[in-house]
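Welcome to this tour; please keep your viewer open and your selection tool handy. We will go from one stop to the next, with a note on what to pick at each.

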Amino acid sequence: MDSTQVIIFDTTLRDGEQSPGASMNLEEKVRIALVLEEMGVDVIEAGFPIASNGDFEAVEAVARAVKGSTICGLARATKGDIERCAEAIKPATSGRIHTFLSTSPLHMKYKLQMEPDAVLAKVAESVAYARKFTDDVEWSAEDGSRTEHDFLCRCVEAAIAAGARTINIPDTVGYAVPDEYGALIAMLFDRVPNIDKAIISVHCHNDLGLAVANSLAAVARGARQVECTINGLGERAGNAAMEEIVMALRTRADHLPYRTGIKTEAITRASRLVSTITGFVVQPNKAIVGKNAFAHESGIHQDGVLKHAQTYEIMTPESVGLNRSHLVMGKHSGRAAFKAKLKDLGYELGDNAVEDAFTRFKDLADRKKDVFDEDIVALVDDAAVRGNDRIRLVSLGVMCGTRHVPPSAELELEIDGEVKAVHAIGDGPVDATFNAIKALFPHDAHLQLYQVSAVTQGTDAQAEVTVRLEENGKTVNGQGAETDTLVASARAYVNALNKLLVKRQKTAPAALTA
Ligand code: KIV
Ligand code: ZN
């Protein structure tokens with residue numbers, strides 16, 4: 001490997017999914033993993049196989065589907081965890097076991113209740129055990145940035161001696177500052193005798209907003225793997241954002257002479273997909289992928305950009321896959337042009353999916369004057385979430401406004417092939433619609449999130465709705481996109497219910513009825 005190459009280790013599907021509410025089902029994880037593979041991500045951490053059967057199956061499914069990236073599973077320092085992880089990554093062309101143990105005084109005393117010597121012994125033991133299943137073993141010193149240097153050096157040396165090829169030093173609680181964290185990495189290179197036998201990796205959380213800065217400081221001091229997530233998704237304030245790391249390295253290669261294998265043009269698509277699936281909206285002013293990241297509002301800036309883009313743009317929107325809001329096509333556009341557009345947007349769909357998307361595009365073009373790239377993306381993503389749904393929206397009529405009090409909804413749903421209808425009232429049109437769904441399909445799930453955003457500008461924009469439902473501690477996110485906000489809301493709610501049914505079926509096959 002060339003000495004300037006930085007390995008990109010994406011943990012959106014593992015640490016990212018640990019964000020409360022950011023649950024993803026198996027199909028969604030595979031979809032995200034395939035986009036990550038296409039982007040050129042080196043290592044995809046697909047989950048924590050011992051955590052649940054769902055996690056195990058998802059890691060296994062990703063390992064089966066992805067062939068161009070290494071597939072990694074997380075395991076604590078126990079035989080049971082490591083065995084389960086080894087089993088899950090078995091179908092991978094290239095599989096990695098990532099095992100971890102806390103090393104800071106605070107974690108050893110209160111969390112592990114173990115003496116340092118016992119921790120040290122367990123590090124060597126767990127790594128050696130993982131090596132029985134694969135040559136590619138990563139070891140992490142959890143809370144590494146708050147670990148005493150002498151002890152950290154001893155643990156790292158022991159892990160490498162036991163066969164770890166990658167050593168990860170997490171800033172688990174996002175406490176480090178860049179100089180300090182970079183110096184920690186440099187200290188390991190100075191003091192650990194067998195350090196040249198492993199790649200040093202960093203994994204930074206964003207509690208102080210320093211995750212990306214800390215990661216880059218570590219790269220400058222010798223780290224050659226960065227663990228990160230799309231949109232910075234992750235526990236608490238999140239992990240280092242992959243798009244920021246990659247674009248900082250690309251844009252400031254003069255100062256940071258390191259490279260990644262990421263095809264940056266896929267960044268916008270990956271960001272959008274993760275946001276749609278998790279319901280975690282990207283803040284408008286978020287670096288690289290926020291809606292305003294390339295917008296120029298003030299007249300002076302607009303004038304400058306028109307004269308010479310680099311006056312106010314340090315990266316081109318195209319370099320992150322953002323085509324300047326192209327007008328796609330009108331209702332007279334043909335199938336061939338539509339197919340070419342899908343390809344342009346990064347979609348490789350089968351014939352049936354193209355046909356379905358084309359029908360929906362025609363339908364949308366009938367209702368909406370201008371159809372933009374963003375509309376096509378929303379439309380295709382919306383179709384992809386529907387799969388083999390048991391509940392389908394047939395029709396919805398809503399009466400609301402000052403003349404129709406109380407607001408009411410007339411709804412038809414197809415449930416397991418049978419069409420049922422109901423009329424319901426509510427505190428507003430959305431409430432009436434959701435009450436109608438509940439009347440046709442009674443359930444106890446709680447609505448945790450109802451969120452609407454506009455895909456493009458203008459009053460005829462498609463509304464993209466996320467509905468998050470919670471049942472027995474498990475959450476699901478449903479999505480819907482339509483020019484009619486209420487129809488989009490109903491579709492999102494129905495989508496969430498369908499996901500809940502799949503979840504129930506996996507945990508308790510007998511509980512299938514509503
Ligand atoms: O933040 C952390 O320490 C982790 C480890 C499990 C790598 O996520
Ligand atoms: Zn973490």
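Let's begin at the largest cavity, whose lining comprises 2 nonpolar, 3 polar and 3 charged residues. Here Ala, Val, Leu, Ile, Met, Phe, Trp, Tyr, Cys and Pro count as nonpolar, Asp, Glu, Lys and Arg as charged, and the others, Gly among them, as polar. Select Thr-276, Ala-378, Asp-381, Asp-382, Glu-464, Gln-479, Gly-480 and Ala-481 to see this lining. Helix 14 (373-384) and strand 14 each contribute at least two of the lining residues. The space inside is about 40 Å³, and the structure has 1 cavity of 30 Å³ or more.

On a 1 Å grid over the protein atoms alone, a cavity is a set of points where a 1.4 Å probe fits but cannot get out, while a pocket is an open set with protein on both sides within 12 Å along at least five of seven lines; lining residues have an atom within 4 Å of a point.

A word on the model: it is predicted, so local features need pLDDT of at least 70 and side-chain atom pairs count only at pLDDT 80 or more, while totals for chains, interfaces and linings use all residues. Residues are numbered from 1 along each chain as its sequence is written, chains are lettered from A and ligands numbered from 1 in the order in which they are written, and side-chain values use heavy atoms, leaving out hydrogens and water.

Next, pick the second largest pocket, with about 720 Å³ of space. Of its 29 lining residues, Glu-17, Ser-52, Gly-54, Lys-474 and Lys-503 are the closest to the centre. Colour by domain, and you will find at least three lining residues from each of domain 1 (7-278) and domain 3 (391-503); these bounds come from an automatic or database domain assignment.

Now which residues coordinate the zinc ion (ligand 2)? Select Asp-15 (OD), His-203 (NE2) and His-205 (NE2), at 2.0 to 2.1 Å; donors are N, O and S atoms within 2.8 Å of the metal (3.2 Å for Na, K and Ca), and sites may look incomplete because water is not among the atoms. Asp-15 counts as buried because its relative accessibility is 3%, and His-203 also counts as buried, at 5%. Buried means under 20% relative accessible area, exposed over 50%, partly exposed in between (1.4 Å probe, protein chains only).

Finish at the largest nonpolar core, which has 95 residues. Such a core is a set of buried Ala, Val, Leu, Ile, Met, Phe, Trp, Tyr and Cys residues joined through side-chain atoms within 4.5 Å.

Key: Points joined across faces, edges and corners; volume = space filled by probe spheres on them. Helix = DSSP H or I, 4+ residues; strand = E, 2+ residues; numbered from the N terminus.
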